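Let's take a walk through this structure together. Have the sequence and the model open as you read.

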Amino acid sequence: MREKTLSIIKPDGVSRNLIGEVVKRLESAGIEIAAMKMIWMTKEQAKGFYKVHEGKPFYESVTDFMSSGPSVVMILKGDDVIKRYRKIMGATNYEEAEEGTIRREFATDIEKNVVHGSDSVENAKFEINYFFNSLEILK
Ligand code: ATP
Ligand code: MG
């Protein structure tokens, strides 16, 4: 099924010059980039984005991290792209992520794991609308 998902290259990925590396992997996998921009989230914006994790022990820390510097946000398009992109990212905890995945190769801890990807059609819709308006979605 043709889907859209939201991808973020998190502040650790941007500051470590991994934008090209991540984009190359997406393009090589035949995933289409439908929109892309660089943003710097405020703490409040990061809290809104990770609202599903409100109350969890890592909520304060992860929202500090996400607002610590610029991120690149992208809308990805393709067949079954939500699952396919999460497979390319690897597990949340890089130590458990499969060999060859972005997180396994580049993450430095469970929080600073380089990339984000939506986990369902419903969350993808919320996350895409959180960062992009209709004029910014070119295809
Ligand atoms: P993301 O939503 O960023 O794509 P994910 O879906 O693999 O990652 P979630 O459970 O949604 O994982 O957690 C969101 C983010 O919060 C993680 O990517 C990571 O940066 C951080 N995080 C998750 N669990 C922990 C933890 N136990 N300790 C510290 N940070 C965590
Ligand atoms: Mg998640």
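Which residues are the closest to ligand 1, and how many surround it? Ligand 1 is surrounded by 13 residues, and the closest are Tyr50, His53, Thr92, Glu111 and Asn113; a residue counts as near a molecule if one of its heavy atoms lies within 4 Å of it.

Before going further, a word on how to read the values. This is a predicted model, in which local features need pLDDT of at least 70 and side-chain atom pairs count only at pLDDT 80 or more, while totals for chains, interfaces and linings use all residues. Residues are numbered from 1 along each chain as its sequence is written, chains are lettered from A and ligands numbered from 1 in the order in which they are written, and side-chain values use heavy atoms, with hydrogens and water left out.

Back to the ligand. By class, its shell holds four nonpolar, five polar and four charged residues; here Ala, Val, Leu, Ile, Met, Phe, Trp, Tyr, Cys and Pro count as nonpolar, Asp, Glu, Lys and Arg as charged, and the others, Gly among them, as polar. Look next at the polar contacts, which are pairs of N or O atoms within 3.5 Å. The side chain of lysine 10 has an N or O atom 2.8 Å from an oxygen atom of ligand 1. For histidine 53, a polar side-chain atom is 2.8 Å from an oxygen atom of the ligand. Asparagine 113 also places a side-chain N or O atom 2.8 Å from a ligand oxygen. On its own, ligand 1 has 580 Å² of accessible area, and the protein covers 80% of that (Shrake-Rupley method, 1.4 Å probe).

Tyrosine 50, one of the closest residues to the ligand, belongs to the loop between helix 3 and helix 4 (59-66); helices are DSSP runs of H or I with at least four residues, and strands are E runs of at least two, numbered from the N terminus. Is tyrosine 50 buried or exposed? It counts as buried because its relative accessibility is 8%, where buried means under 20% and exposed over 50%, with partly exposed in between (1.4 Å probe, protein chains only). Tyrosine 50 and threonine 63 are 13 residues apart in sequence, and their C-alpha atoms are 7.4 Å apart.

Now move to tryptophan 40, in the loop between strand 2 (32-39) and helix 3 (43-49). With 54% relative accessibility, tryptophan 40 counts as exposed.

Finally, find threonine 101 in the loop between helix 5 (81-89) and helix 6 (102-106). Threonine 101 is buried, at 5% relative accessibility, and its side chain reaches the backbone nitrogen of arginine 104 at 3.3 Å.

Notes
A polar contact is a pair of N or O atoms within 3.5 Å; within protein, one must be able to donate a hydrogen and the other to accept it, and residues adjacent in sequence count only if both atoms are side-chain atoms.
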